[in-house]
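Hello,

Here is the structure I promised to pass on. My notes on it follow below.

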Amino acid sequence: MSKRGDSLQNKGKRGSRRAAAERAASANGAGKMKLARDASGARGPSGPQSPLWKWTKRLAIWGTAAAVLGAIFLAFAVGFAAQSIPSFYQLKATQTGQTILVRARDGTEIVEIGPSFGEWLEHDEIPLNMRNAMIAVEDKRFHSHFGVDPIRTTGAIVEGFMGTRSRVGGTSTITQQLARNLFLSSNRTVDRKAREAVLAMALEWKFSKEQILELYLNKVYFGGGAYGVDSASRKFFSHPGTELSVAEASIIAGLVKAPSRYSPTADVQAAVDRAQVVLRLMQEQGYITQEQASVDVDTVELKQQSGQNSVRYFTDWALPQLDILLPETNAPLEVWTTLDIGMQRAATASIDANTPGGSQGALVSIDRDGAILALVGGTDYVETNFNRATNAMRQPGSSWKLFVFLAALEAGYTPDDRVVDTPVTIDGWSPRNSNGRNVGETDLRTAFAYSINTVAAQLGNEVGFGTVASMARRFGISTPVSTFPSMVLGSSEVRLLEMTRAFAAISAGGKGVEPYGITKVVTADGETIYEREAPRESQLVPEYVVAGITDLLQAAVQTGTGRAAQIGRPVAGKTGTTSSNKDGWFVGFSSGITTGVWMGRDDAKAVPGLQGGRAPAQAFAAYMRYAVKDRAVVEFNTELNLPEWQLEPDEEALFGDPDDYYFIDEQGNLIEPGRREVPRGGGNAPFDVQGERGGGGLVPVEEPPKAVSDDFLEQAIGAPVGGDPPPRQPPRPRPSSSPP
């Protein structure tokens, strides 16, 4: 019992020790496993996973799934886009805009506006040097990519993250550029770039590399309205695109980046510098030798461009009128205009030669029927295309006096009427003459010729400033016109075209003139879809007013402020100079041509020495000597055939004796002054003033009510009612001393 008990007890102790050892071993192993898992971040065969490992695995799975789904979606998108893209032959026949060929009045081609498409060149017809030049400068991996260049795109993304690229762009392959030109806009956005990439891959899916390059080189824009290499070759080098040399091909290829900046017609040196870049790339990529990688500007014969500068001022004004004149059409058009090429060149030369340095100049020349013969809107269209002839609003100075004196002549003044140049104040405004002096009594002709401000102010005050404004409106001034007293000296801003139009109406005998620049429009197949019809004439002022103002305008050139505008034949015109010499004007006419000239600064700062009688008048004369050289000399009609109400007493005798002044009673019967009697028995039979007629005599009747007072009748007939009129007096001078 004892031994057995001891044996059992020892056995129990050994079991306890074994169990303890097993527990210790188990704990030790778990610790080692935990340490190993903590060190490696992984788990053992049966341990739990860490959160980092779980997310890494999930991201890998999700990324793979997203990539697969994205690839499937992209494949569907590209396939769908490829199905919707027109066929190769449909794309060949598609034009991207309307071509407008502008012709001068004699049919000479002066400019082509809009896209110009040359002959379509097949892939093999395009010179190899032209194809290689375009690939070298625009897409050197063109033959190896699938529409999108992964290397260029990755580089652009890296640059974007690093902040060295400011916008999405510069990564487009030739195929992407073609997709953009055919189907998209040029907005530089991520959305547009994504659609561009899909369309590019669709094009690569549907067409061969040769077809894509053929489409691109026949449709890409090279500047100056030229689309395609054949059009560009003809525009810049005057020969078909099949004859391009290496140097010419490099110039054309270099235009794609910035057509206006690198155009050889705008800047030859810039075009050559860009071509050198293209040739260097061609050499680096093995297309040409080192000997070919240079451009001699003297060997590149550029086509002479006519009408690419100042004539654009005219086309910018005239062509927008097609939207009104024509029904909506996208067909190519030929527009025949009124522009005279020789006169346009003379106008440009006169502005260039006479405009003061740092200033701008503009000129408009109108024929007697309103046809625009020449139009220059500035000294250089390339530098600034703002049209100062049609859009700029400037103060006309004393040339505005045309309307003041027209209103005075219509009110009864004549060129010989006496006026007085004296200091005057009107509503607190006191005008001064340019020389600071007053000459006293003079005539209307002299006051206009020497542009006397005080006389113009008195005339405007007498006829009414509203009347002067209405006269300006009648002659085509559409800009706002103030009715303050200073308006008589040209304080209201006007456009040169409208002022020239007003003077042209005087040249046309007082008939309204509507300026126009388009005579007819013809389609490519010869169909005339518009032809101008002469408008109905309207007389703006009576002929005697026209004769009077022509007399004044001629005097201004013969003896007054416009003497620099003389050209050896009759000229009528008026100068204009604003305060501080900010604007100088001369507007006049001769032999049926009316020309207006303006000079000044765009910022309205003073121009030292600028006066209407100097540079503008000299530019007018330089141009008009050429403009009228083939026209007959026309003498002006300045004879005043005044209306009856304006005739003096001696002339009035031709229309009857002023003493035979009769009144009309309520029944419309003529009666003598001082007698209110009718024949006895009534009727309308003649009677004598002594009251005797055939035995019947006169029957006194009650005098009817007077329509006017005796005072008014005395003023009207020049004598007391019933008395004898006074003897005729000579004409009285027009009052012009001081305003009431």
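Which residues have the most contacts inside the largest nonpolar core? They are Trp400, Phe403 and Phe475, in a core of 85 residues. A nonpolar core here is a set of buried Ala, Val, Leu, Ile, Met, Phe, Trp, Tyr and Cys residues joined through side-chain atoms within 4.5 Å. Phe475 touches Phe403, Leu406, Arg501, Ala502, Ala505, Ile506, Leu540 and Val541, leaving aside residues up to four places away in sequence; contact means heavy atoms within 4.5 Å. Another core, of 54 residues, lies apart from the largest one, and Leu91, Leu184, Leu203 and Ala271 are among its members.

Before going on: this is a predicted model, where local features need pLDDT of at least 70 and side-chain atom pairs count only at pLDDT 80 or more, while totals for chains, interfaces and linings use all residues. Residues are numbered from 1 along each chain as its sequence is written, and side-chain values use heavy atoms, without hydrogens and water.

Thr348 sits in helix α14 (residues 341–354); helices are DSSP runs (H or I, at least four residues), numbered from the N terminus. Thr348 is buried, at 19% relative accessible area (buried is under 20%, exposed over 50%, partly exposed in between; 1.4 Å probe, protein chains only). Its side chain makes a polar contact with that of Ser310 at 2.7 Å (N or O atoms within 3.5 Å, one able to donate a hydrogen and the other to accept it).

By contrast, Leu59 in helix α2 (residues 51–84) is exposed, with 55% relative accessible area.

Best wishes

Key
Helices (H or I, at least four residues) and strands (E, at least two) are DSSP runs, numbered from the N terminus.
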